[in-house]
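I opened the notebook to record a few look-ups on one model. The entries follow in the order I made them.

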Amino acid sequence: VQPNNYSTFYDDQRQNWSIMFESEKAAMDFSKQVCIAKCNSSPVLDSVLSQDLLLGEGQGAEGGDSLEIAYTGWLFQNNGLGQVFDSNVNKDKLLRLKLGSGKVIKGWEEGMMGMKKGGRRYLIIPPAWAYGAQGVAGRVPPDSTLVFEVEVRRVKLVKDCSGSDGQSVSSRDSPAPSPVPSSDGFSAD
């Protein structure tokens, strides 16, 4: 995902492609479908799949940083989105979490790393990284793969020197590395 409704990707021949979309929504919808396709083409989903929808601005979050998040969670059913099992999007309270604290499912801890303020990301989380064989009574069946759309509304960095205007300034030496596009799971067709 690139600013101004662009997406770039590599095909299986390591050819770099760019697509410009007519709107931010079209770019995000495409990115979601890419993530779902990658999940469906994986013989075994044994780690978190993440796909940026919007990059956001500022420093990427790392372990120990606190985030405030708006999210929606779906069950992954029939190779796509099933029913919503949880969301705080239309609620007054954002979810607050500290990365690395172990207070949320392992898939969130992994999937949120590197997110920036204003960033949106799509996560597909296998059962072992979510609620596993126990599930959540009445909401998440045992051994469920989950899909989340998460948006970071606020980031508080561990080494935060906030000014009076509320803008975060980090004293870290270097920004978080940007993810390198991966060719696995993509083909020319």
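I call a residue buried when its relative accessible area is under 20%, exposed when it is over 50%, and partly exposed in between. The model is predicted, and I read each entry with that in mind.

**Entry 1: T145.** I started with T145, which sits in the loop between strand 7 and strand 8. Is T145 buried or exposed? I found a relative accessible area of 16%, so T145 counts as buried. Next I listed what T145 touches, leaving out residues up to four places away in sequence. The list holds L45, W74, L75, F76, I124, I125, P126 and P127.

**Entry 2: D143.** I stayed in that loop, because D143 also lies between strand 7 and strand 8. D143 has a relative accessible area of 52%, so I filed D143 as exposed. I then checked the backbone. D143 is not a glycine, yet its phi is positive, at about 55°. Most residues other than glycine have a negative phi.

**Entry 3: R14.** Which loop holds R14? I placed R14 between strand 1 (6-10) and strand 2 (16-20). R14 has a positive phi too, about 65°, and is not a glycine. Its relative accessibility is 43%, so R14 goes down as partly exposed.

**Entry 4: partners of strand 8.** I turned to the pairing around strand 8. How many bridges join strand 4 to strand 8? I noted 10 bridges between strand 4 (residues 66-77) and strand 8 (residues 146-156). These two run antiparallel. Within this pairing, I69 stands opposite V152 in strand 8.

I then took strand 7 (residues 120-125). Strand 7 is joined to strand 8 by 6 bridges, and this pair is antiparallel as well. Here I124 faces V147 across the pairing.

**Entry 5: the whole chain.** I stepped back to the overall layout. The protein has 2 helices and 8 strands. Read from the N terminus, the order is β-β-α-β-β-β-β-α-β-β. Of the 189 residues, 37% are buried.

What share of the contacts with a separation of 6 or more comes from residues 24 or more positions apart? I wrote down 62%. Last, I noted the accessible surface, about 11,200 Å². Carbon and sulfur atoms account for 48% of that surface.

Note on methods
Residues are numbered from 1 along each chain as its sequence is written. This is a predicted model: local features need pLDDT of at least 70, side-chain atom pairs count only at pLDDT 80 or more; totals for chains, interfaces and linings use all residues. Side-chain values use heavy atoms; hydrogens and water are left out. Two strands pair if DSSP finds at least two bridges between them. Helices (H or I, at least four residues) and strands (E, at least two) are DSSP runs, numbered from the N terminus. Buried means under 20% relative accessible area, exposed over 50%, partly exposed in between (1.4 Å probe, protein chains only). Contact means heavy atoms within 4.5 Å. Accessible areas come from the Shrake-Rupley method with a 1.4 Å probe; for residues, only the protein chains shown count as cover.
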